[in-house]
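Subject: Structure handover

Hi there,

Here is the structure I promised to pass on to you. Please have a look at it first, and then read on for what turned up.

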Amino acid sequence: MTYRFAEDHLDQKDFDTARRLLDDNSFLHKQVEQGIQKSKRALQSLTVAVELLASLQKSLNIRSAEPWWNLYIKAMAGQLRDSAIVKDTLLAVRKLTSDTMARLLDDLTTSTLPDILTLLEDLRQLQFQNKGMEPLRSEHDTHYAGLRTTIVSHKVELSKQSASLSKQDLSYSKLVNRINKSLVNYLQEALVSPQELFLHEILIYDFKSPHREVFAPKPRHAIERALSSPRDYLGCDCCKGTQHGLSACHPTTSILYQLFLESGAIINTSDLWSAFNTIVGSEDTEEKDAEQERTL
């Protein structure tokens, strides 16, 4: 870990810090503590960014919206920052009219998006200036997009053509670009790859077995294993020498269960009792026989 930490500083041309990490244990301990706290903050920001993205998709009524848990899984795998999900969501934001954008920004006022209040105030000013008219549209709106047909050398060519925007729409387009830039910068900074964080091994893990055992438990298997190997659960000193097989120190239920497994389809009760008594009974043969006769 120390060498990997030092190599990161060497890649950044920070040779003095790399040398201190190798020579000074107290400095290394301090840097590790700071690095862990930084990684924790990055994971918290990642979770908040996923919640923001899920809120955007909900407000935009995107048909192919991903559920929150799916976004979180992709974010933890480092697959969300440059994904099509983010690109499609940002494209939908850029196409919003001023009325829908105002409602969206109003929903995001409680988020950690930078300059959200300033952007909302600028939008309200544009709406006030455009009062009584149709909602403002940005240059990204399909309302202004069209196709132009031209004939060159007896060949028909199609090209995109944008209609001219009004002064108010141009101002709104600039504001939409600011909103888009703020969202892009925030998501790019927050949606980091957890595997690239310092000491991510002690903060997160991707081992699936614990999750599988919790969400899909197997009580029958657990009970059978406990009866077959009680020493693994009891942890008593008397069972340490009994790795396999039956032992008098095992619980009676465990002994009966293992005898049951060794029996055939038809179990003779007398034979079962004899085998059980042989394991847990007295070492004195005469006393054992007398106790068996009394029992029978």
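Before we get to the packing, one term: two residues are in contact when they have heavy atoms within 4.5 Å of each other. Please also keep in mind that this is a predicted model.

With that term in hand, let me begin with α6. The buried residues of this helix pack against α3, α5, α7 and α8. They are S98, M101, A102, L104 and L105. These residues sit on the same side of α6, because they cover an arc of only 165° around the axis.

Now for the wider picture. The chain has 296 residues, of which 30% are buried, and its secondary structure amounts to 14 helices and two strands. Among contacts with a separation of 6 or more, 59% are between residues 24 or more positions apart. The exposed surface comes to about 20,300 Å², with 52% of it supplied by carbon and sulfur atoms.

The largest nonpolar core contains 42 residues, and L80, M101, L104, L105, L183 and L191 are the ones with the most contacts inside it. At least two of its residues come from each of α3 (25–60), α4 (68–76), α5 (84–94), α6 (98–107), α7 (116–129) and α8 (167–190). The largest share is that of α3, with ten residues. Leaving aside residues up to four places away in sequence, L183 touches L52, L56, L90, V93 and L113. Another core, of seven residues, lies apart from the largest one, and its members include L21, V32, F198 and L199.

Where is L199 placed? It is in the loop between α8 and α9 (208–215). As a reminder, most residues other than glycine have a negative phi. L199 counts as buried because its relative accessible area is 9%, under the 20% cut-off.

N61 also has a positive phi, of about 55°, although it is not a glycine. This residue belongs to the loop between α3 and α4. Is N61 buried or exposed? At 64% relative accessibility, N61 is exposed.

Two more positions may interest you. T97 is in the loop between α5 and α6, and with a relative accessible area of 17% it is buried. What does T97 touch, if residues up to four places away in sequence are not counted? Its partners are P135, L136, R137, D141 and Y172.

K38, in helix α3, is exposed, with a relative accessible area of 58%. How far apart are K38 and F198 in space, C-alpha to C-alpha? The distance is 8.3 Å, although the two are 160 residues apart in sequence. F198 is one of the members of the seven-residue core mentioned above.

Finally, the surface. W68, W69 and I73 make up a nonpolar patch there, and together they have about 360 Å² of accessible area.

Happy browsing, and do write back with any questions.

Best wishes

Key. Residues numbered from 1 in each chain as written. Predicted model: local features only at pLDDT ≥ 70, side-chain atom pairs only at ≥ 80, totals over all residues. Heavy atoms only, no water. Core = buried A, V, L, I, M, F, W, Y, C linked by side-chain atoms within 4.5 Å. Buried < 20%, exposed > 50% of the residue type's maximum accessible area, 1.4 Å probe, protein only. Helix = DSSP H or I, 4+ residues; strand = E, 2+ residues; numbered from the N terminus. Arc of directions from axis to C-beta. Patch = residues over 30% accessible without salt bridge, like charges linked within 9 Å, V, L, I, M, F, W, Y side chains within 5 Å. Areas by Shrake-Rupley, 256 points an atom, 1.4 Å probe, with all protein chains shown as cover. Salt bridge = Lys/Arg side-chain N within 4 Å of Asp/Glu carboxyl O.
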